[in-house]
Amino acid sequence: MAETPESSHKVHDDEDSDGDLKAGGRKGNGRIVVFAILSLLLLAGIITLVLYLVYRPFHPHFSVVSVAIVSLSNSSSPFNTISAAVQPTLVIRNPNSRASIRYDWIEMYVTYRNAPITSPVLLPPLIQDKDTSVAISPVLGGPAVPVSPDIVEGLAVDRSFGVVLLRLIAVGRIRYNPGPFRGRWSSLSVRCNMLVAARTGVSGPVPLLANSDCSVD
């Protein structure tokens, strides 16, 4: 039986409808996949944010609780030098209740008017548990250090008045281990002002004349 024009158009219309349904189905499935991916990314972001807020570590706290002057002298002949040995006692506190701290290395020295007056001393590695404090008392000293004439003169004047402002500098590398995670190594920079009562010729423990909390970066 020959196809009439009406039946031919109907067949073509049915084929077009089937194609539209298939194309619509593919688009719908694509939207579902995109929505699922976006939902997973959002969920991962929320989980990451929560973990960061829960395990975010804070810098350790450093404070100087006492200072002893083992030796401190200056000379202007034949060169301007300062020979010093200083023993500060520092308390290092880990304020994190969910993260331990590993100190890979710490190097300390003492400055006067921003000029180093002791050679750097390298301290041994240290692991500090969560929410704990540890005290260290390194002796920072060594050979005489060359300085400018202004430094020699300033130290002599300050010691004659019995008040000397020293600064403890510590640099190093640390890593936080929050919970089950292991952080990356990061740099440590500590500066502690130590205003001490140190007259000429006096050695041994000296009074701290001001609070010696430290700045930590």
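**Strand pairing, disulfide and core**

Start at Arg175, which stands opposite Trp185 in strand S11. Please keep in mind that this is a predicted model.

S10 and S11 run antiparallel and are joined by twelve bridges. Together the two strands form a hairpin, with six residues between them. In the turn, Gly179 has a positive phi of about 55 degrees.

S10 also pairs with S3. Here 13 bridges join the two strands, again in an antiparallel arrangement. One example is Thr111, whose bridge partner in S10 is Arg167.

Is S10 mostly covered or mostly exposed? It is mostly covered, with eleven of its 15 residues buried.

Now the disulfide. The structure holds one, formed by Cys192 and Cys214, with the sulfur atoms 2.0 Å apart. It links distant parts of the chain: Cys192 lies in strand S11, residues 185-196, and Cys214 in strand S13, residues 214-216, which puts the two cysteines 22 residues apart. Which hand does the disulfide have? The torsion about the S-S bond of Cys192 and Cys214 is about 110 degrees, so the disulfide is right-handed.

Cys192 counts as buried because its relative accessibility is 1%. Cys214 is buried too, at a relative accessible area of 15%.

In general, nonpolar side chains in soluble globular proteins tend to be buried together. In this model the largest nonpolar core has 41 residues, and Phe62, Met108, Leu166 and Leu168 have the most contacts inside it. Several elements each supply at least two residues of this core, including strands S1, S2, S3 and S10, helix H2, and also S11 and S13.

Take Met108 from that group. Leaving out residues up to four places away in sequence, Met108 touches, among others, Leu90, Val121, Leu123, Ile136, Leu140, Leu168 and Ile169. Its neighbours also include Ser119, Pro120 and Pro138.

Last, the chain as a whole. There are two helices and 13 strands. Of the 217 residues, 31% are buried. Among contacts with a separation of 6 or more, 72% are between residues 24 or more positions apart. The accessible surface comes to about 13200 Å², and 60% of that belongs to carbon and sulfur atoms.

That is everything I have; I will take questions now.

Terms used. Residues numbered from 1 in each chain as written. Predicted model: local features only at pLDDT ≥ 70, side-chain atom pairs only at ≥ 80, totals over all residues. Heavy atoms only, no water. Disulfide = S-S within 2.5 Å. Helix = DSSP H or I, 4+ residues; strand = E, 2+ residues; numbered from the N terminus. Buried < 20%, exposed > 50% of the residue type's maximum accessible area, 1.4 Å probe, protein only. Core = buried A, V, L, I, M, F, W, Y, C linked by side-chain atoms within 4.5 Å. Contact = heavy atoms within 4.5 Å. Pairing = 2+ DSSP bridges. Areas by Shrake-Rupley, 256 points an atom, 1.4 Å probe, with all protein chains shown as cover.
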